[in-house]
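Subject: Structure handover

Hello,

Here is the structure I said I would pass on. My notes on it follow below.

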Amino acid sequence: MASSSGPLNEELQCSICLDVFTDPVTTPCGHNFCRTCLNKFWTNTQTCFCPSCKVTFSKRTDLMINTNRGTIMGGKVTMIQRALKNTDVQQMIQNKMKKIQEIQHSVELRKRNTEKEKSASVELFTDLSRSIERCQSELLKMMEEQQKAAEKQAEDLIKELQQEITDLKKRNSELEQISHTDDHLHLLQMYSSLYSRPHIKNWTEISIDTDVNVLPLHRALTQLKKTHKALNKKLSKSGLGWAQKYAVDVTLDPDTVNPYLILSDDGKQVRHGDIKQDVPENPKRFDDYCVLAKQGFSSGRFYYEVQVKGKTGWSLGVARESINRMGDISPSPEDGLWSMVLINRRQYIACDNPAAAFSHRTTPEIVGVFVDYEEGLVSFYDVGSSSHIYSFTGQTFTDKLYPYFGPGLNDKGKNSNPLIISPRGAASK
């Protein structure tokens with residue numbers, strides 16, 4: 001018997017197997033069955049009778065092949081095959097053609113973005129090169145002018161010395177001549193002028209400075225630093241804009257929250273409370289004052305933003321799924337946490353190895369966190385100033401990574417503001 005591929009008309013079905021006819025035959029009473037089905041049926045009975053109308057035959061009759069039924073069935077199957085060809089196959093072709101168009105569109109979009117970034121990069125490095133060349137040119141020109149001034153000073157001093165030497169030689173010649181005169185009266189007259197000490201410069205205190213004045217170099221470097229700072233700010237804006245394309249919608253996980261932390265009903269805010277909350281025991285829950293997001297990532301790139309306005313302390317980052325949740329967390333990449341911490345409003349610590357402490361030039365109100373799983377990168381941005389704060393680079397991720405939030409202690413109300421997950425991720429979906 002054949003296998004049915006869907007509902008068919010009863011005229012194509014064997015009443016024994018209730019499937020499409022295979023090698024259809026007709027009994028003397030006019031009913032149709034699969035040859036195999038009918039032979040098996042009669043093998044299990046003592047008398048031969050029709051399974052449909054129960055008419056008994058005196059002997060096992062010869063079965064007639066139902067060519068009409070086979071022809072009809074063949075026609076139906078052909079129609080079905082055509083229908084399948086016209087529906088499923090056509091749909092598959094359309095889907096694949098659509099996918100080709102999507103890929104082509106993505107390649108074109110990538111090409112446009114690449115050209116745009118290439119142009120921006122060329123402009124950026126051209127500005128930097130021009131700034132360096134300008135500083136170099138000004139510095140060399142200044143050094144050359146200083147050298148010319150030193151040479152002119154030396155030339156003037158040498159002329160002055162040569163003139164003094166000429167005067168002294170002349171004086172010495174006059175003294176030599178008068179020393180042999182017999183005119184004593186003339187000798188006495190000339191004595192006062194020739195034997196008085198000549199007025200000459202004290203050359204022991206005069207010298208040429210052989211050291212190069214480095215102040216112009218410092219000024220050039222200062223100007224170059226200003227240029228670099230401006231270009232770095234421009235680059236940071238570009239980097240932040242690129243990272244924001246990978247924004248995701250993040251919600252806090254109540255199964256991981258410390259009992260002293262309070263979550264908002266929508267799972268978008270967390271703050272420290274002074275009273276321990278009555279929460280069920282859960283192996284995911286942290287003893288430390290933190291909470292993870294429900295969403296975890298084991299590949300690709302993702303980005304989220306957190307409002308930290310008005311807070312005196314917080315910690316943000318990503319944690320691996322297998323991080324130890326008992327006791328205080330050791331904030332380091334080796335222990336599965338890539339985070340930044342704010343202490344006393346202004347002091348920032350990147351919990352790297354070794355830890356890096358620094359003061360950010362502005363106080364961020366919104367912090368962006370970007371992760372590239374394959375690249376091993378975790379970056380933090382000040383969204384308000386579009387500036388880069390810190391990056392963990394060259395990391396190796398093996399576990400699933402979860403956004404990590406630590407609102408800090410309440411500190412008698414000084415740090416009562418919650419950490420608020422920005423809606424950027426949800427808005428971008």
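The accessible surface of the protein is about 27700 Å², and carbon and sulfur atoms hold 53% of it. Please keep in mind that this is a predicted model. The protein has 429 residues, of which 32% are buried. Its secondary structure consists of 5 helices and 18 strands. Among contacts with a separation of 6 or more, 60% are between residues 24 or more positions apart.

Cores

The largest nonpolar core has 35 residues, and W314, V378 and F405 are the ones that touch the most other members. Another core lies apart from it and has 13 residues, including C14, V25, W42 and C48. As background, nonpolar side chains in soluble globular proteins tend to be buried together.

The open sheet

An open sheet is built from 6 strands in the order β8-β17-β10-β11-β12-β13, with antiparallel pairing. The edges are β8 (291–292) and β13 (356–359); each has a single partner strand, so one side of each has no neighbour in the sheet.

I349 has A357 in β13 as its bridge partner. The loop between β12 and β13 contains P354, and the peptide bond joining N353 and P354 is cis, with omega about 5°.

One loop back, between β11 and β12, sits N344. Its phi is near 55°, a positive value in a residue other than glycine. N344 is exposed, because its relative accessible area of 64% is over 50%. For context, most residues other than glycine have a negative phi, and most peptide bonds are trans.

The loop between β10 (314–320) and β11 (337–343) holds P331. P331 has a relative accessible area of 39% and is therefore partly exposed. Leaving aside residues up to four places away in sequence, P331 touches L337, S339 and C351. C351 is 20 residues from P331 in sequence, and the C-alpha atoms of the two are 5.9 Å apart.

The β15 and β16 hairpin

Strand β15 (residues 377–382) runs antiparallel to β16, and 5 bridges join the two. Y381 stands opposite H388 in β16. The hairpin has 4 residues between its strands, and S386 takes a positive phi near 55° there. Strand β16 (residues 387–392) is mostly covered, with 5 of its 6 residues buried.

Cysteines and K54

How many disulfides does the structure hold? The count is 0. C53 is in no disulfide, and the nearest cysteine sulfur, that of C29, is 3.6 Å away. That pair does not count because the two sulfur atoms would have to be within 2.5 Å. C53 is partly exposed, at 33% relative accessible area. C290, in contrast, is buried, with a relative accessibility of 0%.

K54 is in the loop between β3 (48–49) and β4 (56–57). K54 is another residue other than glycine with a positive phi, near 70°. Its relative accessibility is 52%, so K54 counts as exposed.

Regards

Terms used. Residues numbered from 1 in each chain as written. Predicted model: local features only at pLDDT ≥ 70, side-chain atom pairs only at ≥ 80, totals over all residues. Heavy atoms only, no water. Buried < 20%, exposed > 50% of the residue type's maximum accessible area, 1.4 Å probe, protein only. Contact = heavy atoms within 4.5 Å. Areas by Shrake-Rupley, 256 points an atom, 1.4 Å probe, with all protein chains shown as cover. Pairing = 2+ DSSP bridges. Core = buried A, V, L, I, M, F, W, Y, C linked by side-chain atoms within 4.5 Å.
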